[in-house]
Amino acid sequence: QVQVAESGGGFVQPGGSLRLSCAASGFTLDDHAIGWFRQAPGKEREAVSCVSSRAGITRHADSVKGRFSISKDTSKNTVYLQMNGLKPEDTSIYYCAVDSLRFSLCRLDPSHYNFWGQGTQVTVSS
């Protein structure tokens with residue numbers, strides 16, 4: 001069955017970097033776009049980044065543009081989120097999810113995603 005699983009979270013000082021991984025199973029990344037989202041305690045879930053299935057399109061929320069970069073390795077069926085210049089406000093649980101529309105270009109609306117990972121905690125603090 002379709003599954004995704006996040007890993008790579010942890011503690012980092014402001015200005016530091018982390019790379020998150022999203023391991024996919026039950027489908028190929030050539031067929032479905034993947035999105036990264038985050039949710040801090042007491043706040044709504046918000047979009048971070050997405051990558052298309054085949055079109056080579058990526059998008060990033062304004063809050064992370066220039067700092068975060070999404071990529072994928074189809075041979076490993078894994079999507080990555082490289083996070084640089086981390087700020088305390090980036091502290092959240094980070095989730096990856098599968099866009100249910102086959103061959104979707106790249107959408108940041110979480111309502112389009114119906115398979116979610118368990119999340120990985122990212123804490124940015126000095």
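A polar contact is a pair of N or O atoms within 3.5 Å; within protein, one must be able to donate a hydrogen and the other to accept it. The model used here is predicted.

Q: What makes the pair formed by the backbone nitrogen of Ala55 and a polar atom of the side chain of Ser52 a polar contact?
A: The two atoms lie 3.3 Å apart. The cut-off is 3.5 Å, so the pair counts as a polar contact.

Q: Why is Ser52 called buried?
A: Ser52 has a relative accessible area of 1%. Buried means under 20%, so the term applies to Ser52. Ser52 is in the loop between β5 and β6 (58-60). Leaving out residues up to four places away in sequence, Ser52 touches Ala33, Ile57, Lys72, Ser104, Leu105 and Cys106.

Q: How do you know that β7 and β8 pair?
A: β7 and β8 share six bridges, in the antiparallel sense. Pairing needs at least two bridges, so these strands pair. Phe68 has Met83 in β8 as its bridge partner.

Q: What makes β1 (3-7) and β7 edge strands?
A: The open sheet has four strands in the order β1-β3-β8-β7, with antiparallel pairing. β1 and β7 each pair on one side only. The twist from one strand to the next averages 20°.

Q: Which residues touch the most other members of the largest nonpolar core?
A: Among them are Phe68, Leu81 and Met83, in a core of 25 residues. β3 gives the most to this core, with four residues.

Notes
Residues numbered from 1 in each chain as written. Predicted model: local features only at pLDDT ≥ 70, side-chain atom pairs only at ≥ 80, totals over all residues. Heavy atoms only, no water. Core = buried A, V, L, I, M, F, W, Y, C linked by side-chain atoms within 4.5 Å. Buried < 20%, exposed > 50% of the residue type's maximum accessible area, 1.4 Å probe, protein only. Contact = heavy atoms within 4.5 Å. Axes fitted to C-alpha atoms, helices over the stretch in contact; angles between N-to-C directions.
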